[in-house]
Amino acid sequence: MEVLKTCYDPEIPINIVDLGLVYDVDVEGNQVNIKMTLTTPGCPMYAVILDNVKQKVESIDGIEKAEVELVWDPPWTPDRISKEIK
């Protein structure tokens, strides 16, 4: 989660964890499976965000592969932003 806090939506100066975009992180040996969403289904920066997440997680010692699954349920709302950021 600390590494994911270094990933940002380029259009919003809040990391993806505090923004509430990360729904689940599952570590299975040397693979990390991440379920996350975006602020809108038509987000023009989706590829940049997903690539950034994958690259940063795969840079962790002992992690060989990161799978990022984009999900839309539950839909993101501003209520998901962390209390510290609000």
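Reader: Where do Glu-58 and Lys-54 lie relative to each other?
Author: Both are in helix α1 (residues 46-58), four residues apart, about one turn of the helix. Helices here are DSSP runs of H or I with at least four residues, strands are E runs of at least two, and both are numbered from the N terminus.

Reader: What makes the contact of Glu-58 and Lys-54 a salt bridge?
Author: The term asks for a side-chain nitrogen of Lys or Arg within 4 Å of a carboxyl oxygen of Asp or Glu. For this pair the N to O distance is 2.8 Å, so the contact qualifies.

Reader: How many salt bridges does that rule give?
Author: Two. In the other one, Lys-65 joins Glu-67, with the closest N and O atoms 3.0 Å apart.

Reader: Before we go on, what sort of model is this, and how are things counted?
Author: It is a predicted model, where local features need pLDDT of at least 70 and side-chain atom pairs count only at pLDDT 80 or more, while totals for chains, interfaces and linings use all residues. Residues are numbered from 1 along each chain as its sequence is written, and side-chain values use heavy atoms, leaving out hydrogens and water.

Reader: What is the mean pLDDT of the protein?
Author: The mean is 95, and 100% of the residues reach 70 or more; pLDDT is the predictor's confidence in each residue, from 0 to 100.

Reader: Why is Lys-65 called partly exposed?
Author: Buried means under 20% relative accessible area, exposed over 50%, and partly exposed in between (1.4 Å probe, protein chains only). Lys-65 has 39%, so it falls in the middle class.

Reader: What makes β1 and β2 a pair?
Author: Pairing takes at least two DSSP bridges between two strands. Strand β1 (residues 22-28) and β2 have six, in the antiparallel sense, so they pair. Within this pairing, Asp-24 stands opposite Lys-35 in β2.
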